[in-house]
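The sequence and the structure come first.

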Amino acid sequence: MVLDIRNVHVSLGSTPIVHGVGLSVAAGELVMLLGPNGAGKSTLLKAVSGDAPTRGEIIVAGQSLADWCPQALSRHRGVMPQRVDINFPLTAEEVVRLGLSAKSPGRADELVEHLLSELEISHLRHRLVPGLSGGEQQRLQLARVLAQIADTEGDRLLLLDECTSALDPAHQQVVLQRVQRLAREQGVAVLAVVHDLNLAAQYADRLVMMRAGRCVLEGSAREVLTPEVLDAVYGFQARIVELPEGYPLVVPLGQTRAQTAPLKPVCRQAS
Amino acid sequence: MRSQLAGILLAVAMVWPGVCAAADIRLVTADGAITEIVYRLGLESLLVGVDTTSGFPEAIAALPKVGYLRALPFEGVLALQPDMLITSEQAAPQKNLERLSKAGVQVEILPSAWSSEASLHRVQTVGGLLGKEAEARALVADLQARIDTLHRSAEARGYRPKVLFVLAAGNHSVMLAGKNTAAEALLDEVNADIAFADLEGYKPASREAILASQPDAIVIAESVPGQFNIDNWPELQLLDAWKSGHRLQADSMLLLGFGPRLVDAMAAVNEVLPGRQGVANR
Amino acid sequence: MMLTPAGRLDAKPALLTLGSVALAVALVSVSSGAYPLSVADILRVIAGKEAADPVASMVFLEVRMPRFLLGFLVGAVLAVCGAVLQGLFRNPLADPGLIGVSAGASLAAIAVIVLGNTWLGGWLALTGDWALPIAAFIGGSLTVLLAWRIANRSGQTAVATLLLAGIAINAVAGAGTGLLTFYASDEELRSLTFWTMGSLGHAGWDDLVLGAPFMVLALVLAPWLARPLDAFLLGESVVGHLGYRTDTVKKVAIVVVGLGVGAAVAVSGLIGFVGLVVPHLVRQALGASHRIVLPFSALLGGTLLVAADSLARVVVAPAELPIGLMMALIGGPFFLALLLRTRVM
């Protein structure tokens with residue numbers, strides 16, 4: 001396992017947000033965290049990113065998070081935050097280069113070129129970041145994070161917090177295809193927080209549903225995205241359409257009630 | 001009278017070579033009162049520069065200004081190639097005074113004079129430094145006589161009036177003088193007391209305190225003559241002392257400089273102090 | 001001059017140009033002043049010829065040289081500290097005045113001026129001529145420590161808290177200064193005014209001996225911060241994600257600013273706008289990367305302050321304008337124009 005989370009509790013200030021979550025992501029696997037607002041998805045991701053004080057055990061690439069040297073860890077774990085506000089006149093290319101460090105200049109240029117073109121932002125390379133749109137900035141940050149873990153030997157983990165929220169539908173596909181390829185072809189383990197259930201159904205290898213700080217359900221899109229689960233976790237009615245492409249489509253039909261239905265946790269604890 | 005004249009003649013004879021020597025030195029003064037002394041001794045032709053506190057007499061305006069007494073520039077003073085710098089102990093920075101001295105300028109730092117006695121002594125000192133001891137002695141004698149007359153007149157009043165002393169640098173920086181100030185020293189010379197004797201130094205004016213002070217007279221010292229606008233301070237106009245005309249508005253350098261014009265300042269203040277009669281009538 | 005595709009100046013030619021300008025300003029600075037010194041005089045002094053006029057030698061060696069060096073160092077350090085704070089706080093308007101360092105240093109110095117004859121008599125006896133500069137340095141450093149203590153909770157330093165602490169410290173230091181001003185005698189008040197305006201008019205080798213080690217140390221430590229500060233521009237959490245020890249970076253940055261600004265305020269009083277205007281100009285012309293911003297700010301800051309000081313001592317000769325006033329006169333309107341023109345801060 002590239003990421004192994006065992007019985008993790010996270011509090012922000014004095015408020016407990018995540019209560020004893022266990023979760024693991026294997027090499028080449030794309031796992032997406034789902035759940036309503038306030039379920040603790042982003043907080044759990046923060047814990048794995050090292051940005052929140054945590055109880056329990058988080059193991060990244062075979063080593064406990066606390067034991068990693070920050071410099072080495074940054075080569076194995078890329079974190080894409082929900083939002084990055086840049087107030088300074090950095091160019092897009094400079095931002096991507098911040099992800100690079102001890103690489104040969106030739107390889108660095110090639111890598112930057114490659115990432116910019118793959119995420120369709122080559123034309124922006126000399127533009128100043130504060131003038132870019134939200135979606136352009138989001139793709140830029142992904143390029144920076146991908147540069148950071150590119151070329152690393154051994155296990156690699158990519159953490160994405162709502163990496164498609166500011167993107168138009170076409171670029172949501174571009175970005176997630178890139179992420180999926182990274183997992184499939186290069187064996188990177190990906191843990192992503194998403195809100196769009198259909199994108200999750202389309203791209204995730206496995207879905208983890210969270211509610212009120214706990215993992216409540218885990219499995220394939222077909223297992224997790226059922227009318228009963230959506231009703232119980234989010235509190236809305238939905239019709240599930242099975243697409244010929246092999247994954248379900250969620251069509252919301254309207255809100256029904258608050259999310260109060262009892263739902264037995266079925267999330268397995270990572271062993 | 002005859003012996004006095006003889007004394008002067010003798011003194012002139014004794015210092016004659018000194019006067020010759022003084023005639024061609026280049027002099028910079030930094031302190032308005034000291035500059036005035038140099039003028040009163042008729043030595044203004046020696047001056048090659050003064051500081052910004054030297055504003056009297058007006059003939060000074062044409063001289064190069066070396067800046068403020070408390071921030072004397074080394075190069076600025078040195079550039080005037082003075083042989084001597086006479087200043088008061090308020091001069092700063094110390095380092096630049098030392099450097100000037102090292103660069104060959106004779107730097108004379110005179111103590112501040114906050115009494116008629118010290119003020120006259122300073123006249124004599126400056127006279128001595130510039131080889132005009134006899135002239136200085138004559139000037140001192142003349143000033144002393146006038147001061148004595150004023151002292152007697154002030155004593156004759158038979159009581160010490162309470163004076164509200166205001167220091168105004170523009171309309172917004174209006175300060176009340178308290179104890180341990182040149183203002184208090186000036187009032188003491190004319191047998192009067194400062195109204196805010198429990199204040200230390202100069203403090204921002206409180207309009208209510210002015211109303212409550214009930215002074216016998218008001219003195220307003222302006223750092224720029226004519227700048228203080230009484231219409232912005234109606235409280236002063238409400239005071240009995242103001243209404244009855246026991247008030248004086250004058251240049252702060254005249255009032256607080258303790259130079260050769262001290263006697264004029266004393267006379268001006270003494271003029272507006274009410275006699276016992278004036279107080280009783282209120 | 002060649003522009004890069006991003007519309008910026010190319011760093012190498014810009015460095016050559018700025019270096020030449022700095023050299024020219026240095027030459028003008030040491031050869032101009034109220035006292036007439038010809039180039040021949042200066043050359044004679046440098047050559048150590050016995051023919052050199054002793055006064056010329058003194059003016060050049062004991063007044064202009066230390067003043068030039070101190071001015072350059074203070075300008076460089078203030079600009080670099082401004083750049084470091086702006087990176088740390090991710091705010092182009094952050095300034096050494098912002099977290100209270102300048103205010104803390106000046107409060108300590110004013111306390112010595114006002115209370116030197118009474119409560120702090122022992123301090124004066126202990127430090128002698130050095131009472132004011134040493135106090136300003138200690139005050140500045142303590143303020144940084146205080147800001148750090150307030151903002152640092154359980155090993156984490158939230159930049160927002162540090163900023164708020166700076167505001168509070170500035171307010172308290174301002175109140176303290178106001179209170180001391182109230183109790184100051186007329187005479188103390190006037191020397192205090194001139195000190196708070198900032199001046200290099202007394203600069204000598206002793207000021208350099210006292211201030212230079214701290215300022216040079218700050219300038220030597222600063223380059224280590226360049227890469228982590230770039231990461232800071234993306235966000236405080238990103239610094240950690242990119243593999244830097246965030247808290248160590250913050251500590252070093254605070255030490256650099258404490259050393260630099262404390263020493264600068266100690267030897268020259270309050271000189272504003274250098275820390276604000278210079279890094280801003282550098283970023284506009286050459287980009288925001290700190291590997292560019294830090295060295296260029298040092299060079300431009302030093303050059304700008306020396307140029308302003310040279311102007312300050314000839315424009316109303318034989319008197320001098322306080323350099324702080326001069327910088328405010330140049331920097332204030334310039335910065336306002338810049339704000340109006342760029343809009344995006």
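## Terms and model

Helices (H or I, at least four residues) and strands (E, at least two) are DSSP runs, numbered from the N terminus. The model is predicted: local features need pLDDT of at least 70, side-chain atom pairs count only at pLDDT 80 or more, and totals for chains, interfaces and linings use all residues. Residues are numbered from 1 along each chain as its sequence is written, with chains lettered from A and ligands numbered from 1 in the order in which they are written.

## Helix α6 of chain A

After α6(A) comes A:G187, with a positive phi near 70°.

Buried residues in α6(A) are A:Q172, A:V175, A:L176, A:V179, A:L182 and A:A183 (buried: 20 or more other C-beta atoms within 10 Å of the residue's own; exposed: 12 or fewer; partly exposed: in between; C-beta atoms placed from the backbone). Seen down the helix axis, they fall within an arc of 110°, so they line one face of α6(A); the arc is that of the directions from the axis to the C-beta atoms. On the other side, A:A170, A:R181 and A:E185 are exposed.

## Contacts between chains A and C

In chain A, 21 residues are in contact with 24 residues of chain C (contact: C-beta atoms, placed from the backbone, within 7 Å). On the chain A side, α2 (70-76) and α3 (92-98) are the elements that give two or more residues. The largest share, four residues, comes from α2(A).

Notes:
Contact = placed C-beta atoms within 7 Å.
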